[in-house]
Amino acid sequence: KKSTWACRIIQEATYCRVANLANEGLSQKEIAEELGIDKSNVSRAMSKAREAGLLKKDATKDSDEYRRK
């Protein structure tokens, strides 16, 4: 149970970092490289942040443009 708790803390910290970096204008690819995580994890964190209203409108444009490519 202790490992689950630690994992949850790490996931929340990553989620917050992804939201902050996205709001700074970094692309999903750049965020993934910066944090050393897969782009799929960045995408999930951005979706969660978007649902929570934590992303600026211009932060979501990057992910939409990325999907079109």
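Axes are lines fitted to C-alpha atoms, for helices over the stretch in contact, and angles run from 0 to 180 degrees between N-to-C directions. Helices (H or I, at least four residues) and strands (E, at least two) are DSSP runs, numbered from the N terminus. This is a predicted model: local features need pLDDT of at least 70, side-chain atom pairs count only at pLDDT 80 or more, and totals for chains, interfaces and linings use all residues. Residues are numbered from 1 along each chain as its sequence is written, and side-chain values use heavy atoms, with hydrogens and water left out.

Q: In what order do the elements of the chain run from the N terminus on?
A: The chain has four helices and zero strands. From the N terminus on, the order is α-α-α-α.

Q: At what angle do helix α2 and helix α3 pack?
A: Helix α2 covers residues 28-35 and helix α3 residues 39-51, and their axes are 9 Å apart. The angle between them is about 115 degrees. That makes α2 roughly perpendicular to α3, a class that spans 65 to 115 degrees (under 35 is roughly parallel, over 145 roughly antiparallel, the rest oblique). The angle asked for is about 115 degrees.

Q: Which residues of α2 and α3 make the contact?
A: Contact means heavy atoms within 4.5 Å. The residues of this contact divide into four nonpolar, two polar and two charged. For this count, Ala, Val, Leu, Ile, Met, Phe, Trp, Tyr, Cys and Pro are nonpolar, Asp, Glu, Lys and Arg charged, and the others, Gly among them, polar. The contact is made by Gln28, Lys29, Ile31 and Ala32 of α2 with Lys39, Val42, Ser43 and Met46 of α3.

Q: Which residues of α2 are buried?
A: Buried means under 20% relative accessible area, exposed over 50%, and partly exposed in between (1.4 Å probe, protein chains only). On the other side of α2, Glu33 and Glu34 are exposed. The buried residues of α2 are Gln28, Ile31, Ala32 and Leu35. Seen down the axis of α2, these buried residues fall within an arc of 100 degrees, so they line one face of the helix.

Q: With which residues is valine 18 in contact, leaving aside its neighbours within four places in sequence?
A: Valine 18 is found in helix α1 (residues 2-23). Valine 18 is buried, with a relative accessible area of 1%. Its contacts, with those neighbours left aside, are Ile31, Leu35, Ile37, Val42, Ala45 and Met46.

Methods:
The arc is that of the directions from the helix axis to the C-beta atoms.
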